[in-house]
Structures are given as structure tokens and as C-alpha cells.
Amino acid sequence: MRSTEQFCLLRLIPWVCHGVDASWARPDRLGPQGFKEQNHLMASVTFEHVYKRFGDVVAVNDLDIKVFDKEFLVFVGPSGCGKTTSLRLLAGLEEISDGRIMIGDRVVNDVPPKDRDIAMVFQSYALYPHMSVYDNMAFGLKLRKVPKAEIDKRVKQAAEILGIAQLLDRKPRQLSGGQRQRVAVGRAIVRDPAVFLFDEPLSNLDAKLRVQTRAEISKLHQRLGTTFIYVTHDQVEAMTMATRIAVMKDGLLQQIDSPQNLYDHPGNVFVAGFIGSPSMNFFDATLVEQDGKMFIDVGSFKLPIPESKRTQYIGQKGKKIIFGIRPDDVHAANFAPPGITPAPLKADVDVTELMGNEIFLYLLTGKKQFIARVDPRTHARAGESIDLIVNMDNMHLFDPQTEMTLDALK
């Protein structure tokens with residue numbers, strides 16, 4: 001019986017991104033003879049009210065997204081949110097329960113995976129161990145009965161692009177992890193697909209290589225000009241690579257927008273807490289009015305709402321709310337930046353983490369812990385009190401019942 005990866009490989013002839021050497025996608029290697037110049041028809045991808053059910057479990061719930069031609073869309077969310085299932089539905093590895101998926105203008109619900117003009121990246125290499133590097137890269141083209149001369153041309157071009165021309169006669173067991181990575185990437189490039197699919201390809205890399213590989217995948221997207229759809233649980237990957245990010249939870253699309261808009265204007269508590277590292281601080285609070293001014297009353301402290309926001313929130317006066325503020329907007333008083341709307345706050349230092357260019361302070365006010373990202377010159381010790389400044393220009397308020405934002409777009 002074939003393993004799941006072998007089964008998927010035979011259906012898709014996928015390429016795998018794992019253990020990549022960061023030099024493989026240098027722009028100078030994607031020269032004038034590169035595959036970008038084949039100019040095949042690129043593709044948008046559309047999910048139209050797509051559902052996927054496993055018995056009583058709804059893994060994907062009314063997913064409705066249009067991925068534009070040549071876009072780099074990232075699905076992000078915790079384990080079990082439906083992001084990988086959505087990718088597998090697009091690849092044809094799972095059957096759709098309801099809805100339609102389109103690649104370009106073609107509905108692909110009933111199109112076999114091998115005929116969808118896609119290449120998929122799994123977490124493992126998925127190389128055939130008995131084949132040479134050349135044969136691994138050429139395998140998908142041979143199945144498609146591409147002429148031998150064309151196969152030879154494409155394989156050698158891809159090998160040159162990836163810097164593995166000298167490895168074409170070796171077997172996978174004779175390669176390092178980074179070299180195997182480039183072979184798998186080459187297998188995808190030779191197919192010249194309309195859409196690349198990535199399923200958490202960097203999850204097994206060490207921290208340094210992951211950072212390098214993020215940049216190289218972004219460069220590859222720019223050079224190939226192809227639609228990329230990428231799945232990850234790591235919001236840092238999503239923020240650094242995506243044209244747009246689709247945030248998912250429990251099978252539901254929570255919000256889709258550019259990385260910066262998701263960071264600045266989260267639509268609900270989940271998105272606000274998931275996007276950004278460290279996560280946004282949340283406080284249960286009440287909006288109160290005192291001496292003609294509005295305050296956020298947390299209990300252990302009060303923060304004034306800027307006059308510019310008074311009209312926006314006047315309808316919430318006297319109501320319970322969730323107050324959100326990012327660690328980036330909590331500053332040590334001595335190093336608060338100019339040009340902000342400051343609100344003073346005093347807290348006790350619980351833990352300090354020196355990061356070199358910044359310090360993370362884990363702070364206590366009452367029984368509530370929160371985090372501040374402060375200037376590295378800040379003098380703070382565990383057990384001591386510290387004076388802080390909160391930038392109220394970047395405050396967020398959410399409805400405690402629906403957890404939806406109460407903020408209007410700035």
C-alpha cells in the first residue's frame with residue numbers, strides 16, 4: 001500500500017520546500033533563459049462558498065475568496081483551522097462537499113489533480129530514492145509525454161537556476177538536506193505550473209534558515225510571476241511574504257487583507273491576537289465619562305480616550321468593552337516617541353527579556369499581566385515599578401459579546 005505522500009506525489013508530482021540552501025533562488029541565476037519567459041497563461045483562483053465536511057465536522061465553512069493572478073496569498077491560523085484542507089481541496093486531494101473552485105475561468109471540482117496545472121509543496125522532500133536527481137526532476141514531464149529534447153532543456157535550465165547542475169547524476173541519499181531541497185524545487189519549476197501551492201514548507205527548518213528561505217521564496221515569486229498560495233501557522237511568515245493574508249479559525253475565514261491592514265485594523269479579537277508578535281494585550285474594561293472626558297476603566301488603572309476618538313466611541317459609554325493595545329505601543333516613560341497621544345500608566349515588572357535591540361517587559365497591574373516592547377536603554381528590574389506611556393492613537397476596542405471590532409477604519 002502506498003503512503004499518503006507517495007499517493008499525493010503520483011497524483012500531483014509535487015515539489016517540496018524543506019531544508020533549502022538560501023542561495024538557490026539568486027536573481028542572477030534566473031537569467032534570460034529562465035522559465036519566466038515561457039509566458040504561459042497565469043491563473044487566478046476562486047473559492048465560491050466552499051464547504052468541506054468530514055461526517056459532522058465542518059472543516060471548511062463557506063470559504064469565499066478570490067486569489068488574483070500572480071498574487072502571493074497566505075492562509076494562516078492555528079492547527080485545525082481548515083487552512084491545509086482548503087489547499088488540498090484546491091489541489092484535488094480532497095473532494096468538495098459544496099461550492100465551486102475555479103482556476104482561471106475553469107471550474108475544477110471534477111478535474112483530476114494532474115490536470116489542474118498546479119505544483120504542491122509538502123513538508124517533506126518526497127524524492128524518489130532510486131532515481132537520480134535528473135530523473136526526479138524529469139519524472140513529471142515524462143508522465144506528460146513531453147518530448148525528450150524539451151525535458152532535457154527544462155531540467156538543465158532549472159538545475160542551472162538552482163545551482164545543482166553538478167548533481168544531476170547523484171541519488172538523493174548522496175545529497176545534503178539543502179541539496180535535496182533544491183532538487184524538489186527544480187521538479188516544480190520544470191513543470192512551469194500556473195499555481196504553486198505550499199503546505200507549511202518551512203516548519204522543519206532552523207530559525208536562521210527559515211528567515212533566509214522566506215526571502216528566497218519571495219524572490220522566486222517575483223521572478224516567476226506566478227500565483228502562489230501558501231499555508232502556515234506562523235504569522236511572521238505570513239506577514240513577511242504575503243500580498244494578502246487570509247486568517248482562519250475553526251474552518252471560518254476571519255479576515256482577509258494586506259499584512260499591514262490586518263495589523264493596523266484587525267476585525268476581531270482573534271485576528272488582533274494572532275497577527276503580531278508578541279500578541280496584542282487585552283483588558284476587560286468599561287467606557288466611562290468623567291469631567292467631560294471619556295476613559296477606559298480597567299479597574300487597576302484608567303486611560304483617557306483621545307478627543308479625536310470621542311465621537312467614535314460615545315455610543316459605548318457605560319458599556320463593557322475589550323481594550324486592546326499592542327506591546328509596541330507601550331513605552332518606558334523616559335523613551336516615549338514624540339508625536340503620539342500619551343497616557344501615563346504605572347506597572348510592576350515581573351520578568352524582563354533583553355533581545356539586544358529591544359527589551360520585552362512582562363508587567364503586572366493588579367492581577368493582569370501584559371507585555372511591553374521597550375527601548376533597550378530602559379532600566380527595569382523584576383520586582384520594581386516602572387512608569388510607562390501608552391500610545392492611545394493605536395488603541396483598539398472590541399465588543400465583549402461578539403468580539404468584533406468597535407473601531408472605524410482610520
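Good morning. The structure is a predicted model, in which local features need pLDDT of at least 70, side-chain atom pairs count only at pLDDT 80 or more, and totals for chains, interfaces and linings use all residues. Residues are numbered from 1 along each chain as its sequence is written, and side-chain values use heavy atoms, with hydrogens and water left out.

I begin with the chain as a whole. Its secondary structure comes to ten helices and 20 strands; these are DSSP runs numbered from the N terminus, with at least four residues (H or I) for a helix and at least two (E) for a strand. The chain has 410 residues, and 52% of them count as buried. Buried here means under 20% relative accessible area, exposed means over 50%, and partly exposed lies in between, with a 1.4 Å probe and protein chains only. The accessible surface comes to about 18700 Å², and carbon and sulfur atoms account for 49% of it; such areas come from the Shrake-Rupley method with a 1.4 Å probe, and for residues only the protein chains shown count as cover. As for contacts, meaning heavy atoms within 4.5 Å, consider those between residues at least 6 apart in sequence: 70% of them join residues at least 24 apart.

I turn now to the sheets. Strands pair if DSSP finds at least two bridges between them. Threonine 286 stands opposite aspartate 297 in S12.

With 4% relative accessibility, histidine 396 counts as buried. Its side chain makes a polar contact with the side chain of aspartate 407 at 3.2 Å. A polar contact is a pair of N or O atoms within 3.5 Å; within protein, one must be able to donate a hydrogen and the other to accept it, and residues adjacent in sequence count only if both atoms are side-chain atoms. Beyond its neighbours within four places in sequence, histidine 396 is in contact with residues including Asp264, Met280, Phe323 and Asp407.

A second open sheet of five strands has the order S15-S19-S16-S17-S18, again with antiparallel pairing. S15 and strand S18 (368-374) are the edge strands, each pairing on one side only. Neighbouring strands of this sheet are turned by 50 degrees against each other on average, direction ignored.

Why is strand S19 described as largely enclosed by the rest of the structure? Strand S19 (residues 385-391) is described in this way because five of its seven residues are buried. S19 pairs with strand S15 (residues 330-332) in the antiparallel sense over three bridges, and valine 390 in S19 is the bridge partner of valine 330. Strand S16 (residues 342-354) also runs antiparallel to S19, joined by seven bridges; there, proline 344 has isoleucine 389 as its bridge partner. Strand S17 (residues 359-365) and S18 run antiparallel and are joined by seven bridges.

Alanine 347 lies in strand S16 and is buried, with a relative accessible area of 3%. Leaving aside neighbours within four places in sequence, its contacts include Leu363, Phe370 and Ile386.

Finally, the helices. Helix H6 (residues 207-224) has 18 residues and reaches 26 Å from its first C-alpha to its last, close to the 26 Å expected at 1.5 Å a residue; the expected span is 1.5 Å times one less than the number of residues. Among its buried residues are Leu209, Arg210, Glu216 and His221. Just after H6, glycine 225 takes a positive phi of about 60 degrees.

Glutamine 235 lies in helix H7 (residues 235-241). This glutamine 235 is buried, with a relative accessible area of 10%. A polar atom of its side chain lies 3.0 Å from the backbone nitrogen of glycine 276.

Methods: Axes are lines fitted to C-alpha atoms, for helices over the stretch in contact, and angles run from 0 to 180 degrees between N-to-C directions.
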